[in-house]
Amino acid sequence: MSNKVDQLSMESKSIKGKALDTTKTHWNLPEPVSIFFGRESLIESIHLKLQQNQAVALSEMGGVGKTQTAAKFVQMHKDEYQKIFWISAVSLKRSLSEILCAFGCKQLILDEPSMETLTFIFLSKICEGSKRSLVVLDDVTDVTKDVTSFIRNVKEKVSLLLTSQLKDWEDYGLIQIAVPCFQEQESIGFLQNELSSASQHEISILANRLQSLPLALHQAICYIKKHKVPLHKYIEQFEACRESVLGIKITSFTEYDKTLLTVWDMAFEKIRVESKNALLILGMMAFMDNRKINKKTFSYFDRVDEFELNEIINLLCQYSLVNERNECLEIHSLVQKVIRYRIEQKQFVEDECPLTLLEDVLLKIEVSVKDLFANADYEDLWYIHIFRLIMSGALKTINFHVSLVLNIAIGRMEMENLYQISELLSKVLLKQYRLFRDVETFHNLLVVHRRFINASSQLGLLNLNEIFAFEKEFSSELEENHVEVYRWKLQQAETYNIHGRVSLCNDIVRNLFNELVKKKGFDYIKLRLASFLTVRDMEVLLNSVDTNNLSDADFLVYYYAKCSLYIKNGCFDLAEQVMKNWKEHLHRKQFSRSSYFNFTQKHCFLLYKKGNYNEALLVCDEIKRDFFTDAAVLVSEALILIKLGKFNDAEVSIDDWNQCNNAFIIRISSYLKFRKHDFEAVENLLTNVEDEDLSNLLFLVKEYAKLHRQLENNKSREFVERCLQMKKIVNELFQVQLDSIYF
């Protein structure tokens with residue numbers, strides 16, 4: 001990590017016990033731009049806007065030189081900033097964590113902290129809110145929640161420069177500057193600057209052929225310099241290669257893409273002669289996450305040793321097809337696009353498919369789970385590439401350990417990623433099982449579908465009809481006594497409970513209890529099931545659990561269930577003791593982010609049930625800051641705010657959520673609307689809810705609404721008392737509903 005930090009002023013260099021002086025620091029800056037031309041007015045415009053405290057986004061299509069322009073700006077103006085941080089948008093959270101650790105802030109970071117927390121520590125402890133700090137956020141390909149959160153917080157505190165092919169950055173409060181292709185004279189000047197021995201006429205022809213596209217010009221220069229090709233010969237080779245490219249009839253290929261394809265085809269042909277393994281590795285990289293390819297990944301490619309791998313990387317860098325930085329490789333997305341096209345057309349490597357080789361490499365890494373987690377580099381070594389491969393649809397069949405992929409996503413609490421990948425995998429495995437009807441595929445399908453239900457429910461996107469249809473189609477398979485069947489049914493019960501289908505939930509819970517209480521084993525299922533049961537049944541089921549054989553992870557679920565039991569019993573002192581043991585267990589080794597989330601959420605619930613509402617609200621804020629916000633978090637926050645009498649704040653908290661998908665939010669929102677006498681809103685919320693208690697409550701709300709309307713014409717004492725009595729009954733019933741909510 002230390003090689004990422006260029007300490008330009010270190011008064012306390014390696015003095016034990018003395019803080020590191022970070023007054024003048026550059027983090028992860030790219031190598032000085034060696035081949036660059038022009039852009040003076042563009043760089044001056046960037047400089048002016050940043051001096052005016054405006055955040056800047058460089059945008060335009062790929063290949064025009066956005067990243068190179070940002071790098072050149074930094075190279076020219078780095079002395080004006082005390083601190084500069086170059087961060088890849090794809091690894092934003094990881095980069096921030098590395099920065100904080102490098103600057104002695106590791107103790108402030110929780111395991112898997114939220115973007116809000118990381119950004120706050122970064123700005124307050126390292127940048128110190130100074131505009132003399134510059135952050136370059138490179139290659140934003142997707143406007144995710146983390147990216148928007150980071151931009152929102154950073155642009156007000158420090159100077160921010162962003163590069164992206166996306167547009168409409170004004171919507172996020174940034175000044176958008178388009179990076180155009182070169183004008184003809186700029187292209188000629190660029191080529192003359194690098195190829196000084198070539199004639200003006202030849203340079204003009206080449207600039208025209210390459211359509212003044214900076215990336216194509218750069219690639220051509222690298223090729224010509226490496227092979228010492230006379231310019232007229234290069235133009236002849238280009239024209240010959242171009243003939244085959246012009247016939248491509250693919251709408252996704254622009255004329256610029258075809259120009260780049262021609263330039264790269266020439267490079268591929270040379271690499272094919274020099275090293276077939278280099279071409280295979282380049283082909284594998286075309287299907288990987290292009291901005292964070294760990295060199296160690298290719299150590300699992302058994303055709304090359306460490307020496308040859310380094311030779312191959314040097315070769316690819318000479319052609320400027322790959323960049324190497326901090327033991328990781330980067331490849332331009334346009335290079336990937338043309339390689340994938342050539343592979344699809346079987347025009348890249350004879351007799352071998354790089355995609356198949358990559359799958360083999362990643363499967364070897366998967367087998368070595370120890371390497372994945374012991375080295376804590378599973379993100380760029382394995383996970384991000386598996387995720388990319390599966391989501392791209394490139395794989396015909398899924399041979400990877402899908403539960404491992406899903407567990408990493410859920411452990412990192414990446415709910416949107418979990419939703420996307422579980423939805424896609426569900427479709428693939430459904431098709432596969434319908435064809436072959438094999439048991440292993442069905443169990444994998446249950447794993448994936450369960451995760452899909454979980455993610456879509458938390459994101460407010462679930463349609464219960466999907467569960468009904470799944471249960472109907474596979475009713476006979478779901479009779480099997482298998483752990484994955486039980487897990488799926490548990491998720492089914494939990495989802496029905498959240499969606500207000502209480503009777504359906506109770507039926508599943510009762511059947512599972514009757515079946516499992518007599519069985520040995522299935523301890524994890526029993527522990528998860530316990531939270532749904534009455535106090536008496538919880539005690540019976542927990543007594544059947546063999547705690548001597550629980551894994552470390554299962555012990556966390558045991559603490560969760562035990563704590564729930566004591567809270568239901570009102571034994572708060574015992575619950576606090578369990579929380580203490582639970583916390584100590586968490587500190588013994590590193591667990592997933594979701595494990596800390598479950599602990600913090602249960603702590604919040606304990607404080608709430610004890611009546612410590614202000615403390616509970618602080619813990620709720622901690623959950624939102626350090627983890628993420630889903631329906632359960634909003635429910636807990638709203639319930640606490642109601643107890644504190646902050647009814648408007650409670651309403652604001654849940655207003656933006658998809659209320660029709662969560663029975664708990666419907667209960668809370670109905671109560672808040674009732675308090676405001678918005679009876680029409682209450683009726684809209686409670687109509688069609690399949691819950692007998694809520695149906696009865698709706699009837700009483702309608703009756704009270706009639707009385708309330710009549711109150712305008714009848715102010716008699718007897719009628720007013722009748723209205724007040726009815727209102728009291730409805731409020732008490734609402735309170736029963738709210739008190740029945742567990743989180």
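Predicted model: local features only at pLDDT ≥ 70, side-chain atom pairs only at ≥ 80, totals over all residues.
Residues are numbered from 1 along each chain as its sequence is written, and side-chain values use heavy atoms, with hydrogens and water left out. Local features need pLDDT of at least 70 and side-chain atom pairs count only at pLDDT 80 or more, whereas totals for chains, interfaces and linings use all residues.

The domain assignment of the protein chain gives domain 1 (21-178), domain 2 (184-247) and domain 3 (683-742). Eight residues of domain 1 are in contact (heavy atoms within 4.5 Å) with 11 residues of domain 2. Between these two domains an area of about 790 Å² is buried, 70% of it from carbon and sulfur atoms, where buried area is the accessible area (1.4 Å probe) lost on putting the two parts together, summed over both. The side of domain 1 that touches domain 2 comprises five nonpolar, two polar and one charged residues, with Ala, Val, Leu, Ile, Met, Phe, Trp, Tyr, Cys and Pro counted as nonpolar, Asp, Glu, Lys and Arg as charged, and the others, Gly among them, as polar.

Conventions. Domains from an automatic or database assignment.
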